[in-house]
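Thanks, everyone. Let me put the model on the screen, and then I'll walk you through it.

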Amino acid sequence: MEGKDTEKAPQVHCKEPSIPSPTESSQTFDLECEYHDPKLPPVDGGIHAWLFLAACFVVEGTVWGFAACFGVFQNYYRNDPAFQGSHAIAAIGTCAMGMAYLLSPIVMAILIALPRLQRWASSIAFVVLSLSLALSSFSTSVTHLILSQGIAYGTAGCFAYAPSILFMPDWFVKKKSLAFGIVWSGSGLTGIIFPLILQSLLDTYGWQTTLRICSVAIFLLAAPFMLFHKPRVPRRTTNLHQLDLSFHRNRTYLIYQAGNIIQSLGFFLPQIFLPSYAGLLGAKGLEASSTITVFNISNMFGCILIGWLADRYHVTKCILISTVGAIFSTFLLWGMSVHLAPLYLFSIVYGCTGGSFSSSWAATSSEVGKSHPSADVSMVFAFMETGRGIGNVISGPLSEALLKTRLWEGQAWGAYGTEYGILVVLTGVTGLLGGVSVVARALRWI
């Protein structure tokens, strides 16, 4: 009878953990069982995994793509009689991007503490996001726009994309960095398309109607994909161990985060000032703005390439590529450019290398997890987002203050001899120091 029961017992399709360590618990074994469970959709491939990735791509493209195109609205607001003369218009875009970056750990902690909310967070967030744009169309002051198109949009956007970070390890294990690289390229694609559409809408219908159209369009674009923006295994229980933040004392994390924040201080400057510098060289209209278009196209391919490499080589090798590309392109191509051709070449090289630094975050989070086993990779990733947000918030006022110094203007050659010379140097130096983890690994600090 006992033998008969044993014969009928179902086999457990589990794989032994490949490199067990003393710090691993039964939870690690459970995860191995989950990854190799034939009753669940496969990881790293299959229709379900790719549909999830497509949903993440759309979320990234709509949330970040629209926020990154605020410059189009900014130019229009400055010339609108209702807002003309206001010095706070730039704060709208800063709040949208800043809130989406800086709130990442808080939003991640909320979703971890409330696991049943995770599946619906993106859907609810897109409703709020669309409503914030619709309400912003009724604004009568810049303060109203800051609250709606800035803070409300950024907060909802953070809730919309946070599940992508949380669910990605469910669906992609060996190809996780590549998957994130594909997702990040979504904002590069929309960064090419959205400015053209928004400019056309603003010229034809004005800012109020444009915001209402965007409100409906973003919701309709994202809604079908929300069906696939879900975890591989539904979450029902709270795992408070994921909220352990003791990794902030870990040397590996501190070194990677320091490089991330420093690199972010200069990362946004080319995207903001390239059209202006192109105008200084004689470019007008589309010719000047196409420097950003070229940057976004290159950034798409760069994110995918760095992500692919991060799955195969140590993350510091990928950071080295990003660092060398950023240094070379900034100091030589942008700094020495007196014609448009080298400036376009800078957009290509910097967009492909320095612009794809964030594709290393997944591998960086895994490295921190190896060094500090109690760290949850999703929380580490969220704090890397916050590090980028710190750079985003500081770089705006810092660049404006440096521009007023007009250091080296008329005293040097190329871009160095213009008012933008100090920004070229800042971009190059932050790109160089962003590679601190490469040196740290060579010295065996990490």
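Serine 185: buried or exposed? Buried, because its relative accessibility is 2%. The cut-offs: buried is under 20% relative accessible area, exposed is over 50%, and partly exposed is in between, with a 1.4 Å probe and protein chains only.

Some ground rules. This is a predicted model, where local features need pLDDT of at least 70, side-chain atom pairs count only at pLDDT 80 or more, and totals for chains, interfaces and linings use all residues. Residues are numbered from 1 along each chain as its sequence is written, and side-chain values use heavy atoms, with hydrogens and water left out.

Back to serine 185. Its place is in helix α9. Helices here are DSSP runs of H or I, at least four residues, numbered from the N terminus. A polar atom of the serine 185 side chain lies 2.5 Å from the backbone oxygen of isoleucine 182. Setting aside residues up to four places away in sequence, serine 185 touches Phe57, Met300, Cys303 and Ile304. Contact means heavy atoms within 4.5 Å.

Now the domains. The chain is divided into domain 1 (44-236) and domain 2 (243-445). Those bounds come from an automatic or database domain assignment. Their C-alpha centres lie 22 Å apart. Domain 1 puts 28 residues into the contact, and domain 2 puts in 32.

How much area do domain 1 and domain 2 bury between them? About 2,600 Å², with 72% of it on carbon and sulfur atoms. Buried area is the accessible area, 1.4 Å probe, that two parts lose on being put together, summed over both. On the domain 1 side, Tyr101, Ser177 and Trp184 lose the most area to domain 2, together 25% of what that side buries.

What about polar terms? Across this interface the rule finds zero salt bridges. That rule wants a side-chain nitrogen of Lys or Arg within 4 Å of a carboxyl oxygen of Asp or Glu. Six residue pairs are in polar contact across the interface, both residues at pLDDT 80 or more. A polar contact is a pair of N or O atoms within 3.5 Å; within protein, one must be able to donate a hydrogen and the other to accept it, and residues adjacent in sequence count only if both atoms are side-chain atoms.

Which elements give two or more residues to the domain 1 side? They are α5 (90-102), α6 (104-113), α8 and α9 (176-222). α9 gives the most, with twelve residues.

Next, the core. The largest nonpolar core has 107 residues, and Phe66, Tyr77 and Met168 touch the most other members. Helix α8 (residues 142-171) supplies the largest share, 14 residues. By nonpolar core I mean buried Ala, Val, Leu, Ile, Met, Phe, Trp, Tyr and Cys residues joined through side-chain atoms within 4.5 Å. Beyond four places in sequence, phenylalanine 66 has contacts including Phe73, Leu133, Tyr153 and Phe194.

Last, backbone angles. Most residues other than glycine have a negative phi. Aspartate 44 has a positive one, near 65 degrees. Aspartate 44 sits in the loop between α2 (26-35) and α3 (47-68), and counts as buried at 13% relative accessibility. Arginine 406 also has a positive phi, near 50 degrees. Its loop runs between α16 (377-405) and α17 (421-433). At 43% relative accessibility, arginine 406 counts as partly exposed.
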